[in-house]
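Reader: Please show me the model, and then let us go through it by question and answer.

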Amino acid sequence: MGAPGHDPSSARLVVGVDIGNSTTEACLAELAPDGSLTYLGADLTRTTGVKGTPDNTVGALRVVRDVLARAGRRPDEVHTVLLNEATPVISGLAMETITETIITESTMIGHNPTTPGGVGLAVGTTVSIADLTAQPPGEPVVCVVPAGWDFDDVARVVNAAVAGGVAVVAAVLAGDDAVLVTNRLDRAVPVVDEVRAVEKVPLGMLAAVEVAAPGRTIRTLSDSYGLASVFGLDPDQTRAVSPVARALTGNRSAVVVRTPSGDVTDRRIPVGELVLRGAGRELRVDVDAGAEAIMATVARLQPLDDVHGEPGTHVGGMLAQVRDTMSDVLHGADGSAQPASEIAIRDVLAVDTFVPAEVRGGLAGEIALENAVALAAMVRTSRSRMQLVADQVSAELGARAEIGGVEGEMAVGGALTTPGVDRPVAVLDLGGGSTDAALMTVDGVCTAVHVAGAGELVTKLIDSELALGDREVAEGVKWHPLAKVESFFHLRHEDGTVQFFDQPFPPHVFARVVVLTPDGPVPVETRHGLDHVRRVRRAAKSRVFVVNAVRALRQVAPGGDLRALDFVVLLGGSALDFEIPELIADELAPYGIVCGTGNVLGTQGPRNAVASGLVRAHAAASSPCPAG
């Protein structure tokens with residue numbers, strides 16, 4: 001596929017194109033006859049289709065045309081388009097719940113209504129408000145108020161009952177009138193409102209009601225031994241009731257009703273086994289053994305040949321789905337498809353986490369954070385359709401299009417344009433689905449690895465552990481700093497500093513934890529405080545990117561010794577994160593490694609390394625003169 005009309009003795013226009021999992025990047029340069037390069041620009045667009053498949057053509061053509069337009073050049077001036085050898089790498093994620101809290105024939109209410117009434121802990125027998133005045137005097141009772149009752153009527157009936165000698169010690173309301181009721185009572189008692197399933201509260205049963213003071217959380221009902229003291233439980237019953245206490249932790253109000261036939265259990269759920277093959281061996285590990293056990297097994301079998309999940313389990317279905325997806329996208333223009341049975345999973349990353357689970361038996365949508373394992377699996381298949389992409393790009397542009405080189409080696413070549421970097425150098429490409437590492441020695445020998453787990457897994461961990469239920473909000477928490485709006489004119493940043501503003505904040509962010517996006521503060525729908533949200537965010541990034549950085553670099557470092565590395569350059573979209581580079585650099589500092597974010601060509605930051613590396617390698621191969 002030649003490029004007719006181009007004089008080989010004149011400068012040639014060359015475009016390097018890097019097709020990644022999320023973005024497709026281009027580097028435009030002019031190659032002089034003496035082999036020197038003049039860089040003319042760079043651009044990027046979203047990748048079309050799954051990396052390494054014919055669907056990538058649309059994105060590749062778009063980014064080439066965009067970079068040419070920015071430089072004021074025409075498509076018919078292009079001599080050569082260089083494409084990376086984009087081997088498909090995809091990742092799948094699953095959350096495997098290890099425990100589940102189940103409460104049967106027992107009742108608890110533990111939520112945070114906007115304004116519960118009163119303060120304190122009270123224990124008494126549940127009685128409907130309709131029967132309140134008929135109760136014998138002296139016995140402590142908890143008044144249960146169904147929907148439809150007006151707050152004035154509630155206060156009137158309770159006051160009348162108390163005047164008649166009934167010991168009303170607390171109340172549970174369906175409506176949201178706790179403060180209004182409390183303000184009208186002759187004697188204040190703790191009141192929990194907004195209980196949407198109040199009709200399910202069993203009557204005639206011993207109940208404990210606790211409301212904490214503003215700014216505080218309950219102490220007794222969220223403690224296993226506190227529940228034991230309130231209800232007179234023996235050690236076996238205390239062990240059984242511990243999930244109730246765990247589910248109520250951090251709430252301002254709670255109600256627990258003990259029924260004679262109540263049964264509270266915390267049972268194990270079989271989540272399946274992983275079957276791993278590598279280094280001539282096969283090992284099995286239970287997912288419910290936790291992330292540490294899984295990753296220890298993975299480390300014993302490097303390099304991995306394949307991973308399967310136990311049939312009939314969720315983890316087995318998850319890994320099978322990854323294979324099926326890859327089989328579909330690798331159905332090429334020639335009609336052949338790669339059977340799912342031929343697609344191997346080359347790496348997994350397991351992370352201990354928590355998932356929010358609704359507690360069966362709760363009456364106000366209570367959730368408990370259950371132990372879970374997040375599992376990222378990566379497929380790397382040798383069947384690439386990049387030649388089809390090259391042929392289509394060549395036909396559209398009328399220029400030569402060729403596969404330019406292996407990604408890892410090209411990324412190192414691009415990273416070497418970062419000021420202050422020299423060989424030997426290692427790069428970490430921090431992407432959305434995988435974390436890639438490559439090492440180039442002084443002699444120019446390159447070694448590269450791909451490991452599962454990157455930005456998408458971080459987002460999923462944040463979403464799950466904060467019980468957000470909104471991927472976009474979780475992305476915002478991941479990418480941007482946090483703050484707490486403390487008044488209409490000032491907020492407190494996550495580092496403790498206070499900033500004042502001339503214009504008032506919109507009412508919907510008042511007194512809320514917010515994400516500081518370029519478009520302004522966005523509230524985070526969570527009951528957790530600022531410090532907790534920050535801890536979850538940083539822990540998620542550390543458990544994915546820091547762990548993967550170390551294990552990937554060990555696989556490319558001479559003898560697996562990190563001290564043998566001199567320079568580590570961080571590349572990719574996640575290297576633009578405001579704290580991931582710092583977390584990785586802190587982890588590598590004890591090994592004497594110079595680690596920082598790449599600045600490709602001195603201008604592009606951590607982007608464009610592979611695309612510019614393709615151009616550099618082409619220049620070096622085209623002329624005996626060194627590439628610029």
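Reader: Which residue just after H1 takes a positive phi?

Author: This is a predicted model, in which local features need pLDDT of at least 70, side-chain atom pairs count only at pLDDT 80 or more, and totals for chains, interfaces and linings use all residues. Residues are numbered from 1 along each chain as its sequence is written, and side-chain values use heavy atoms, with hydrogens and water left out. Helices (H or I, at least four residues) and strands (E, at least two) are DSSP runs numbered from the N terminus. Just after H1, a positive phi of about 70 degrees is taken by Gly72.

Reader: What distance does H1 reach from its first C-alpha to its last?

Author: Helix H1 covers residues 56-71, which is 16 residues. The expected span of a helix is 1.5 Å times one less than its number of residues. For H1 the expected value is 22 Å, and the model is close to that, at 23 Å.

Reader: Which elements do the buried residues of H1 pack against?

Author: Buried means under 20% relative accessible area, exposed over 50%, and partly exposed in between (1.4 Å probe, protein chains only). The buried residues of H1 include Asn56, Gly59, Leu61, Val64 and Leu68. Contact means heavy atoms within 4.5 Å. The partners are strands E1 (12-19), E2 (23-31), E3 (37-46) and E4 (78-85), and helix H8 (386-397).

Reader: Is Asn84 buried or exposed?

Author: Asn84 belongs to strand E4. Leaving aside neighbours within four places in sequence, its contacts include Val17, Met386, Ile403 and Leu614. Because its relative accessible area is 0%, Asn84 counts as buried.

Reader: Which side chain is joined to that of His308 by a polar contact?

Author: His308 lies in strand E17 (residues 304-309). His308 is partly exposed, because its relative accessible area is 29%. Leaving aside neighbours within four places in sequence, it is in contact with residues including Glu273, Arg277 and Leu319. The polar contact, at 3.1 Å, is with Asp306.

Reader: Which residue caps the N-terminal end of H11?

Author: Helix H11 spans residues 471-479, with Ala474, Glu475, Gly476, Val477 and Lys478 buried. These buried residues pack against helix H10 (455-465), strand E27 (513-517) and helix H12 (530-556). At the N-terminal end, a side-chain oxygen lies 3.0 Å from the backbone nitrogen of Glu472, and the capping residue is Asp470.

Reader: What percentage of the contacts with a separation of 6 or more is between residues 24 or more positions apart?

Author: The protein has 14 helices and 30 strands. Of its 628 residues, 51% count as buried. Among contacts with a separation of 6 or more, the share from residues 24 or more positions apart is 68%.

Definitions and conventions:
Polar contact = N/O pair within 3.5 Å; in protein donor to acceptor, adjacent residues only side chain to side chain.
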